[in-house]
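Subject: Structure for your review

Hello,

Here is the structure I said I would pass on. My notes follow below it.

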Amino acid sequence: PWSSGNWIDSAPGIAMEYKVHVDAGKEDCYWQYVHPGATLYVSYQVLKGGDGAIGMAVRDPSTKVVHPYAWKASSEYEEESAKGGYYSVCLDNQFSRFSAKLVNLYLTTFRYDEWEKFSQELQDMDVTVENFTMTLKTVDQRIQIMRQFQSQSRSSETRDFNLLSGNAGYVQNWSLVQCLVVILCTIVQVYFVKSFFRDPRENSSSGVKMRT
C-alpha cells in the first residue's frame with residue numbers, strides 16, 4: 001500500500017499545472033521524480049509581466065542540462081524514455097531587473113509500462129484482453145496529448161486577457177491625462193484671450209482714484 005508520503009512518487013502518472021510568480025532578477029527551480037522509462041513533458045508560457053519572456057532549463061538526475069535556457073514567451077520539452085530520478089525545472093528571470101513574471105508551468109509524467117503489467121495480471125487470470133489493453137493505452141496517450149494542448153490553450157487565453165487588461169488600463173490612464181491637459185490648455189487660453197480684450201483704462205482709473 002502507498003503511504004501519504006510517497007504516493008505521488010509511486011503513482012504511474014501525474015499531470016500538474018501551476019501559476020508561478022518569479023520575481024525580477026530571480027531564478028526559481030522545481031523538482032519532480034520521474035520513473036525510469038517514463039515519458040516526461042514540461043511546458044511553460046509567460047502570462048504577464050515585462051517583455052513577456054523568461055528562460056527555462058531542464059536538468060536530468062545527473063544535473064545534465066537536457067533543455068538549455070532560451071529567452072522566450074513559451075517553450076516545451078519532451079523526453080520519451082526518461083532516466084529514473086528527480087528532474088529539475090528552473091525558470092530564470094535574471095535578465096529582467098525590474099519586472100516580475102507570472103508563468104503558467106505544466107508538467108506531466110506517465111509510465112506506459114504499467115499498462116503491460118495490467119495486461120499481464122489479466123492474462124494470469126486467463127483473460128484475453130490484448131486488444132482492450134492496446135485500446136486503453138492508445139486512448140491514454142491521446143488524452144495526455146489533448147491535456148497538453150488544453151494547458152497551452154488556457155495559458156494563451158490567460159496571457160491574452162492580461163494583455164488586453166493592461167492595454168485597456170494604459171489607454172484609460174493616458175486618456176485621462178490628455179483630458180486634463182486639454183482642460184488646462186483651454187483655461188490658459190481663455191485667460192490670455194480675456195487679457196487681450198481688457199480695457200487698459202480700468203487700471204488707470206483705479207490708479208487715479210487711489211491718488212485722490
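In which sense do β3 and strand β6 (residues 74-79) pair, and over how many bridges? In this predicted model, the two strands run antiparallel to each other and are joined by 6 bridges. Within that pairing, Leu40 has Glu79 of β6 as its bridge partner.

Strand β3 spans residues 39-48. It also pairs with strand β8 (residues 101-110), again in the antiparallel sense, here over 9 bridges. On that side, Gln45 is bridged to Asn104 of β8. Strand β3 is mostly covered, with 9 of its 10 residues buried.

The largest nonpolar core has 21 residues, and the members that touch the most others are Leu40, Tyr44 and Leu91. Two or more residues of this core come from each of β1 (13-22), β3, β4 (55-59), β7 (85-92) and β8. As background, nonpolar side chains in soluble globular proteins tend to be buried together.

Leu40 is worth a separate entry. Leaving aside residues up to four places away in sequence, Leu40 is in contact with Val34, Tyr77, Glu78, Glu79, Ala82, Tyr87, Leu107 and Thr108.

Last, a note on Thr109, which belongs to strand β8. Its relative accessible area is 7%, so Thr109 counts as buried, the cut-off being under 20%. The Thr109 side chain makes a polar contact with the backbone oxygen of Thr39, at 3.3 Å.

Regards

Technical notes:
Residues are numbered from 1 along each chain as its sequence is written. This is a predicted model: local features need pLDDT of at least 70, side-chain atom pairs count only at pLDDT 80 or more; totals for chains, interfaces and linings use all residues. Side-chain values use heavy atoms; hydrogens and water are left out. Buried means under 20% relative accessible area, exposed over 50%, partly exposed in between (1.4 Å probe, protein chains only). Helices (H or I, at least four residues) and strands (E, at least two) are DSSP runs, numbered from the N terminus. Two strands pair if DSSP finds at least two bridges between them. A nonpolar core is a set of buried Ala, Val, Leu, Ile, Met, Phe, Trp, Tyr and Cys residues joined through side-chain atoms within 4.5 Å. Contact means heavy atoms within 4.5 Å. A polar contact is a pair of N or O atoms within 3.5 Å; within protein, one must be able to donate a hydrogen and the other to accept it, and residues adjacent in sequence count only if both atoms are side-chain atoms.
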